[in-house]
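Trainee: I am new to this one. Can you show me how to read its features, step by step?
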Amino acid sequence: MSDIRRLLEHAADGGGPSLVTTESVYAEAARVRRRRRAVAGAAAAAVAVAVTAGVLTGRVGSPFRDGAEVAARPLTPPERAREFAVLLRLGGGGTVEPDGHTPVRVVPGTEPRQAPGEVRSSGPLDGTYVVSRQVRGGTVRNAVTVTLLDPAAVRAGTAGRGLPADLCARFRDASAECRREELPGGRVLTVWVAGDPPAAGRPWPSREYAYRGRLALPDGSVLIAEEAIDSMASAFTTGNGGVSSIDRQRTLLDRAGIRALLLSPELLPPHLGGKR
Amino acid sequence: MTRTYDDAALHEFVEARRTALFRTAYLLCGDRDEADDLVQTTLVKVVLSGRRHTRFGNLDAYARKTLVNTFIASRRRFWRREHSCAELPDRPELPAPDRETGLVIRAALGRLSAQQRAVVVLRYWEDLSIAETAGLLGMRENTVKSHAARGLSALRDQMREGFV
């Protein structure tokens, strides 16, 4: 047993030091407590408002009887999935389900790096969506994640440096097929092929490739979209860890698809020119 | 030791255990960033629920259980999150002999199922007994024994291939 422990010791040594600090743990715990209190407070306030409104409308009649809504309410997960399906232009060719809210963790140098537990996002449809489609007689599932990071999150993630002016210049490998596009209104769209970086210390043999993109906005925010591929799909990798070509029948978004998704105003709040 | 947790003791626990938990997490998942996430998630849960635990042993077991369950739950997803690294490498790093051993072992661990990996790490890294491992993973002892045997056998095979 001691031999096995010694071998495991070798494996554990490769991890280096942890980035998690006691302070970051307590900061995150405080955030969770604040969120819980806010949710509890909001629920109590909502009940109070509902009760008061019920009493008032019972006495004097509702000013909103015609059905006009005062403000947009947050979407429920099924509504978000339906809106997202429209943005993906799936037509009747697949189903979309929300998969919780999973902010994007990104490669430093290509995207802001957030410390664990520090990722926050602020887009109206932010989250991960699982798309199921029938391809070649079988069901293929893809996950698409969109995240809007506000300027503070970008600054925090890049140690105050902000996003690189030309992301494509950071890729040393031509296989990234990085394209940068300057758009009206000071926006910069970048789309590239991403995969698991071939760094040493990564034992996982599979390398998965899909398109990924980001839209840098003039206020310093950045909208990120990525497709995660089923890691079990042998179509994307070769057995020895080499890269096979991207199978476009199994991936959901091509370059144009991810571009169209990133330019959808539905993904942005109104103060950034969005619809919601 | 039967003292109730106060804030100072919780703080001390987090400070004392975070590195050890990170090493366990790294063995489980094989990825530094994911290991950081696992540890952060685990310790936040420990801090939020720490006062409910009345014994140090309980808290340690709770932290270990949370870590392993979070890891296994992450592997139930059909897709995995992006792997990120500290820097984009200029060229693949050339492994030193010791590092190469670590790489081969991590690759071998990575080919085990999540449950097998959890059993191997808990039994042979955390030195838990079969009964403790079974209790922590919610498995029967015979299942733990068979996962441990199969995991070790697979590790041996992978190690042999790795060094041939």
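Mentor: Start with a salt bridge. This is a predicted model. Side chains of opposite charge can pair when their charged atoms come close. Here, A:Arg180 forms a salt bridge with A:Asp166. Their closest N and O atoms are 3.8 Å apart.

Trainee: Where do A:Arg180 and A:Asp166 lie in chain A?

Mentor: A:Arg180 is in strand β4, residues 179-183. A:Asp166 is in the loop between α4 (151-157) and β4. The two are 14 residues apart in sequence, so the pair ties those parts together.

Trainee: Is A:Arg180 buried, exposed or partly exposed?

Mentor: Look at the relative accessible area. Under 20% is buried, over 50% is exposed, and in between is partly exposed. A:Arg180 has 35%, so the label is partly exposed. A:Asp166 has 32% and is partly exposed too.

Trainee: Which side chain meets that of A:Arg212 in a salt bridge?

Mentor: That of A:Glu226, with N to O at 3.0 Å. This pair ties strand to strand: A:Arg212 lies in β6 (residues 209-216) and A:Glu226 in β7 (residues 222-229). They are 14 residues apart in sequence.

Trainee: And how covered are A:Arg212 and A:Glu226?

Mentor: Apply the cut-off again. A:Arg212 has 10% relative accessibility and counts as buried. A:Glu226 is buried as well, at 6%.

Trainee: Which residue of chain A pairs with B:Arg23?

Mentor: A:Glu9. The side chains of B:Arg23 and A:Glu9 meet in a salt bridge, 2.8 Å from N to O. Check the chain letters here, as the pair crosses between chains. B:Arg23 sits in helix α1 of chain B, residues 7-29. A:Glu9 sits in helix α1 of chain A, residues 2-13.

Trainee: How accessible are B:Arg23 and A:Glu9?

Mentor: B:Arg23 has 22% relative accessibility, so it counts as partly exposed. A:Glu9 is partly exposed at 30%.

Trainee: How many salt bridges are there over all chains?

Mentor: The count comes to eleven.

Trainee: Next, disulfides. How many are there over all chains?

Mentor: One. The disulfide joins A:Cys168 to A:Cys178, with S to S at 2.1 Å. Both cysteines lie in the loop between α4 and β4 of chain A, ten residues apart.

Trainee: What does the torsion about the S-S bond of A:Cys168 and A:Cys178 tell me?

Mentor: The handedness. The torsion is about -75°, so this disulfide is left-handed.

Trainee: Are A:Cys168 and A:Cys178 buried or exposed?

Mentor: A:Cys168 counts as buried at 17% relative accessibility. A:Cys178 counts as buried at 18%. For another cysteine, look at B:Cys29. At 0% relative accessibility, B:Cys29 is buried.

Trainee: Now the whole of chain B. How many helices and strands does chain B have?

Mentor: Chain B has seven helices and zero strands. Read from the N terminus on, the order is α-α-α-α-α-α-α.

Trainee: What share of chain B is buried?

Mentor: Buried residues make up 54% of the 164 residues. The accessible surface of chain B is about 7,900 Å². Carbon and sulfur atoms account for 49% of that surface.

Trainee: And how far along the sequence do its contacts reach?

Mentor: Take the contacts in chain B with a separation of 6 or more. Residues 24 or more positions apart account for 68% of them.

Definitions and conventions: Residues are numbered from 1 along each chain as its sequence is written. Chains are lettered from A and ligands numbered from 1 in the order in which they are written. This is a predicted model: local features need pLDDT of at least 70, side-chain atom pairs count only at pLDDT 80 or more; totals for chains, interfaces and linings use all residues. Side-chain values use heavy atoms; hydrogens and water are left out. Helices (H or I, at least four residues) and strands (E, at least two) are DSSP runs, numbered from the N terminus. Buried means under 20% relative accessible area, exposed over 50%, partly exposed in between (1.4 Å probe, protein chains only). Contact means heavy atoms within 4.5 Å. Accessible areas come from the Shrake-Rupley method with a 1.4 Å probe; for residues, only the protein chains shown count as cover. A salt bridge is a side-chain nitrogen of Lys or Arg within 4 Å of a carboxyl oxygen of Asp or Glu. A disulfide is a pair of cysteine sulfur atoms within 2.5 Å.
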